[in-house]
Amino acid sequence: MQTITLNNGIEMPQVGYGVYLVSPEECERCVLDAIGTGYRLIDTAQAYYNEEGVGRAIDKCGVPRNELFITTKVWVSNAGEEKAAKSIDESLRKLRTDYIDLLLIHQPFADYYGTYRAMENAVKSGKVRAIGVSNFYPDRFVDLAENVEIKPAVNQLRTNVFSQQWDMEQEISKYGTKIMAWAPIAQANEELFSNSVLKGIAENHGKSVTQVALRYLIQRGIIAIPKSTHVERMRQNLDVFDFALTDAEMQSIRPLDRPQDFQWSHRNPELVRFLLEYDKKFNPNNK
């Protein structure tokens with residue numbers, strides 16, 4: 001497995017398995033399948049409500065803990081130094097582990113400065129190896145990065161051939177921060193599979209369109225966490241290290257980038273309100 005070196009010297013796998021929208025009931029099986037297929041990076045979050053399933057899989061998989069790389073995220077309902085600290089301990093309990101490899105602030109809302117201080121303390125106490133953020137746009141990212149002790153190792157963003165994050169990459173690289181792509185295969189959008197540029201490149205290499213889309217990110221030094229509940233697709237998403245795109249092919253994909261849909265922008269007040277109420281509406285423990 002190819003790795004990426006973070007700004008604190010820690011290495012993490014460049015391709016991992018994401019469990020967003022994997023049900024709590026199915027999560028243990030899916031993570032065991034992913035680890036059995038060869039994944040060593042597993043990405044979850046408090047707001048996915050499936051950390052316990054990931055923890056059971058970690059416990060049962062038979063792979064030594066130090067060979068796994070576990071990422072989770074602090075949700076906005078746990079924002080603030082005191083609440084975030086308690087939530088980190090709860091995540092450790094659910095994940096059945098003594099430490100988290102990478103811990104992120106999930107959304108740039110509520111008291112994320114307090115959350116980040118709790119995360120810095122967790123690094124110092126040995127509960128967490130690396131910290132970062134998720135869904136931070138350049139302005140909020142720079143404001144945070146300039147005012148914290150431990151610079152963010154990662155900014156996890158919606159990143160794929162249609163959302164390439166070039167401006168973000170330019171800004172965060174000044175801090176040694178890496179992009180970690182969620183939705184790296186555009187959530188299996190039909191446009192991905194019908195795109196003539198991607199189809200042509202896939203035919204040239206005897207690969208699938210999704211493998212080309214992932215390879216594009218890998219060659220840019222981006223970490224990717226594709227999700228599938230099917231073992232064959234898990235294998236296919238991991239089978240992206242035996243070929244390389246040419247410079248011309250890389251350049252032909254770049255024009256596929258497009259402006260972000262404001263509906264899903266973190267600058268859209270309606271989306272912000274939705275995220276701030278998310279835990280109250282969707283947390284199964286509240287029902």
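**Figure 1. Lining of the second largest pocket.** Helix α3 gives the largest share of this lining, five residues. The model is predicted: local features need pLDDT of at least 70, side-chain atom pairs count only at pLDDT 80 or more, and totals for chains, interfaces and linings use all residues. Residues are numbered from 1 along each chain as its sequence is written, and side-chain values use heavy atoms, with hydrogens and water left out. α2 (51–60) and α3 (81–95) each supply at least two lining residues. Helices (H or I, at least four residues) and strands (E, at least two) are DSSP runs, numbered from the N terminus. The pocket holds about 390 Å³ of space. Of its 21 lining residues, Gln46, Tyr49, Lys94, Asn283 and Asn285 are the closest to its centre. The lining divides into five nonpolar, nine polar and seven charged residues. Here Ala, Val, Leu, Ile, Met, Phe, Trp, Tyr, Cys and Pro count as nonpolar, Asp, Glu, Lys and Arg as charged, and the others, Gly among them, as polar. On a 1 Å grid over the protein atoms alone, a pocket is an open set of points with protein on both sides within 12 Å along at least five of seven lines; a cavity is a set where a 1.4 Å probe fits but cannot get out; lining residues have an atom within 4 Å of a point. Points are joined across faces, edges and corners, and a volume is the space filled by probe spheres set on them.

**Figure 2. The largest cavity.** The whole structure has one cavity of 30 Å³ or more. The volume of the largest cavity is about 40 Å³. Its lining consists of Val74, Trp75, Val76, Ala79, Ile105, Gln107, Phe109, Tyr112 and Thr115. Seven of these are nonpolar, two are polar and none is charged.

**Figure 3. Nonpolar cores.** The largest nonpolar core has 72 residues. Tyr17, Val31, Ile88, Val161 and Ile253 have the most contacts inside this core. Its largest share, seven residues, comes from helix α9 (residues 209–219). Apart from it lies another core of 14 residues, including Ile4, Leu102, Leu104 and Val154. A nonpolar core is a set of buried Ala, Val, Leu, Ile, Met, Phe, Trp, Tyr and Cys residues joined through side-chain atoms within 4.5 Å. Buried means under 20% relative accessible area, exposed over 50%, partly exposed in between (1.4 Å probe, protein chains only).

**Figure 4. Surroundings of Val22.** Val22 sits in the loop between β3 (17–18) and α1 (24–37). Val22 is buried, at a relative accessible area of 2%. Leaving out residues up to four places away in sequence, Val22 touches Tyr17, Cys27, Cys30, Asn50, Lys227 and Thr229. Contact means heavy atoms within 4.5 Å.

**Figure 5. The open sheet and its β6–β7 pair.** Eight strands run in the order β3-β4-β5-β6-β7-β8-β9-β10, with parallel pairing. β3 and β10 (223–224) stand at the edges with a single partner strand each, so one side of each is left without a neighbour in the sheet. Two strands pair if DSSP finds at least two bridges between them. β6 (residues 100–105) and β7 (residues 128–134) pair over five bridges. Ile105 has Val133 in β7 as its bridge partner. Leu103 stands opposite Ile131 in β7. Six of the seven residues of β7 are buried.
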